Amino acid sequence: MIEAVGLTKRYGRTVAVNELSFTVKPGRVTGFLGPNGAGKSTTMRMILGLDRPTAGDVLVDGRHYRDLPRPLRHIGALLDAKWVHPNRTARAHLRWLAKSNNLPRQRVDEVLELVGLGSVAHRNAGAFSLGMAQRLGIAAALLGDPQILLFDEPVNGLDPEGIHWIRQLMKRLAAEGRTVFVSSHLLSEMAQTADELVVIGRGRLIDQSSTARFVERASGTAVRVRSPQLERLRTALASTSGAGVRAEDGALVVTGLTSDQVGEVAAAQGVVLHELSPQRGSLEEAFIRMTSGAVEYHAEESGEHLHLRGARGAEGTEGTR
Ligand SMILES: Nc1ncnc2c1ncn2[C@@H]1O[C@H](COP(=O)(O)OP(=O)(O)OP(=O)(O)O)[C@@H](O)[C@H]1O
């Protein structure tokens, strides 16, 4: 379990994370979603004790990361896949990590097999492709067999096979009862992987809920209905309080009512239905709707120039890293 309470991080005048509170529970994949610069990496670094919060707190299984005796046994993380000594072999890199956390040497070969790097374990990690480096980073995260796993943009730069592999791995880890917290800007990816979402924008919490509820709340649901007595149905629906009705391709699209309610209105009027189908918005739509206004920089077409509008008022400049 990860618990953040009022977590805040300022870099000079930049507020990277702003009074963020959320909980990441075991047994499910929790997606950490937000536009570029929203503060996802900063939050993950604070969870791992790599950055000190300016205010607030974040605990891992009720403790600060720095108080965990052998941290890799509690929490494993993939933050930057290229964080390896370039002249070390994959095996040597993992052995060094294992030693620093008092982990058994044989665990190194186990995790190398687990991530599919067994046959290249003797090769220098510096020469690895991005996909191989991601796998090595995941092997390092799994080394201590931790109950909590953090992955920062794990599918970045991966081919479809690699993406599929990581997706299955995360689901398996969650099914084993582990806490899996994964950031991504690939919304469709999250829709397929995450059970729960923590959504942030400009360092602030926008929403924490199940993926399905987030989409439903953010995009709203509509019900498509077809009938040979369309006009009669339209009149009945339009007079139902809270309903919005519009015609579309010989059908009606109803908002503000569930499909059960639409069916009941039709039955009460003795109207025959040929279709009654709930329409669900995509996660992309929901995300854009929920985070609009929280996007740090908007690309805008202006004449022939594409320029960046800084939400903090600084045109075209990005915060100093
Ligand atoms: N070390 C730093 N010094 C100054 N500003 C920083 C530093 N690290 C991050 N920031 C700023 O804090 C904000 C949040 O950055 P962060 O990298 O956490 O966002 P993110 O959600 O991970 O973004 P992305 O998806 O682009 O990686 C940004 O405005 C960034 O420029």
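**Starting from one residue**

Mentor: Arg95 lies in helix α3, helices (H or I, at least four residues) and strands (E, at least two) being DSSP runs numbered from the N terminus. Residues are numbered from 1 along each chain as its sequence is written. This is a predicted model, so local features need pLDDT of at least 70 and side-chain atom pairs count only at pLDDT 80 or more, while totals for chains, interfaces and linings use all residues.

Trainee: Is Arg95 buried, exposed or partly exposed?

Mentor: Count the other C-beta atoms, placed from the backbone, within 10 Å of a residue's own: 20 or more is buried, 12 or fewer is exposed, and in between is partly exposed. Arg95 has 18 of them within 10 Å, so it is partly exposed.

Trainee: Which residues does Arg95 touch, leaving out those up to four places away in sequence?

Mentor: Contact here takes C-beta atoms, placed from the backbone, within 7 Å. With residues up to four places away left out, Arg95 touches Arg105 and Val108.

Trainee: How do α3 and α5 pack, roughly parallel or roughly antiparallel?

Mentor: Axes are lines fitted to C-alpha atoms, for helices over the stretch in contact, and angles run from 0 to 180 degrees between N-to-C directions. Helix α3 (residues 90–100) and α5 pack at about 25 degrees, with axes 10 Å apart. Under 35 degrees counts as roughly parallel, over 145 as roughly antiparallel, 65 to 115 as roughly perpendicular and the rest as oblique. That makes α3 and α5 roughly parallel.

Trainee: Which residues of α5 meet α3?

Mentor: On the α3 side, look at Ala90, His93, Leu94 and Leu97. Their partners in α5 are Leu136, Ala139 and Ala140.

Trainee: What does Ala139 touch, not counting residues up to four places away in sequence?

Mentor: One of its contacts is Leu94, which α3 brings to the meeting with α5.

Note on methods: Two residues are in contact if their C-beta atoms, placed from the backbone, lie within 7 Å.
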